[in-house]
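Please look through the model below before reading on. The notes that follow are grouped by topic.

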Amino acid sequence: MFNENSVLVKVWFTAVLGGAYTYDQVPDLSNLRDEVGKKLTQMGYDISSSAA
């Protein structure tokens with residue numbers, strides 16, 4: 001299980017926030033996508049509008 005301090009969560013969060021990937025491209029691995037989504041939402045990023 002991943003948490004907000006997990007390295008993979010931080011890497012994917014940074015990649016999505018930076019525009020290299022969309023939220024939809026975050027792997028559906030355990031709870032990775034959920035944790036990245038939480039962090040993005042806290043930053044004001046609209047995860048519902050991202051498209052792959």
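Where does E4 lie? E4 lies in the segment before α1. This is a predicted model, in which local features need pLDDT of at least 70 and side-chain atom pairs count only at pLDDT 80 or more, while totals for chains, interfaces and linings use all residues. Residues are numbered from 1 along each chain as its sequence is written, and side-chain values use heavy atoms, with hydrogens and water left out. Helices (H or I, at least four residues) and strands (E, at least two) are DSSP runs, numbered from the N terminus.

**The segment before α1**

- E4 is partly exposed, with a relative accessible area of 42%; buried means under 20% relative accessible area, exposed over 50%, and partly exposed in between (1.4 Å probe, protein chains only).
- Leaving aside neighbours within four places in sequence, E4 is in contact with V9, K10, E35 and K39, where contact means heavy atoms within 4.5 Å.
- The C-alpha atoms of E4 and G18 are separated by 18 Å, and these residues are 14 apart along the chain.
- S6 also belongs to the segment before α1 (7-17), and S6 is buried at a relative accessible area of 15%.
- A polar atom of the S6 side chain lies 2.9 Å from the backbone nitrogen of N3.
- A polar contact is a pair of N or O atoms within 3.5 Å; within protein, one must be able to donate a hydrogen and the other to accept it, and residues adjacent in sequence count only if both atoms are side-chain atoms.

**How the two helices pack**

- The axes of α1 and α2 are 9 Å apart, and the helices pack at an angle of about 55°; axes are lines fitted to C-alpha atoms, for helices over the stretch in contact, and angles run from 0 to 180 degrees between N-to-C directions.
- α1 and α2 are therefore oblique to each other, given that angles under 35 degrees count as roughly parallel, over 145 as roughly antiparallel, 65 to 115 as roughly perpendicular and the rest as oblique.
- The crossing of α1 and α2 is right-handed; a crossing is right-handed if the near helix is turned clockwise from the far one by less than a right angle, and left-handed if anticlockwise.
- From α1, L8, V9, W12, F13, V16 and L17 meet L32, E35, V36, K39 and L40 of α2.
- Helix α2 (residues 32-42) has L32, E35, V36, G37, K39 and L40 as its buried residues, and what covers them includes α1.
- T14, in helix α1, counts as exposed at 53% relative accessibility.

**The nonpolar core**

- The largest nonpolar core has ten residues: F2, V9, W12, F13, V16, Y23, V26, L32, V36 and L40.
- α1 and α2 are the elements that give two or more residues to this core, and the largest share, four residues, comes from α1.
- A nonpolar core is a set of buried Ala, Val, Leu, Ile, Met, Phe, Trp, Tyr and Cys residues joined through side-chain atoms within 4.5 Å.
- F13 is in contact with V36, K39, L40 and M43, leaving aside its neighbours within four places in sequence.
- L40, in helix α2, is buried with a relative accessible area of 0%.
- Not counting residues up to four places away in sequence, L40 touches F13, V16, L17, Y23, Y45 and I47.
- L40 and V16 are 8.3 Å apart, C-alpha to C-alpha, and 24 residues apart in sequence.

**The loop between α1 and α2**

- Y23 is found in this loop and is buried, with a relative accessible area of 10%.
- The Y23 side chain reaches the backbone oxygen of R33 at 3.2 Å.
- The C-alpha atoms of Y23 and L40 are separated by 8.8 Å, with the residues 17 apart along the chain.
- N31 has its place in the loop too and is buried, with a relative accessible area of 10%.
- Leaving aside neighbours within four places in sequence, N31 is in contact with M1 and F2.
- S30 is another residue of the loop, and S30 is partly exposed at 48% relative accessible area.

**Backbone angles**

- Most residues other than glycine have a negative phi.
- S30, a residue other than glycine, has a positive phi near 50°.
- G44, which follows α2, has a positive phi near 90°.
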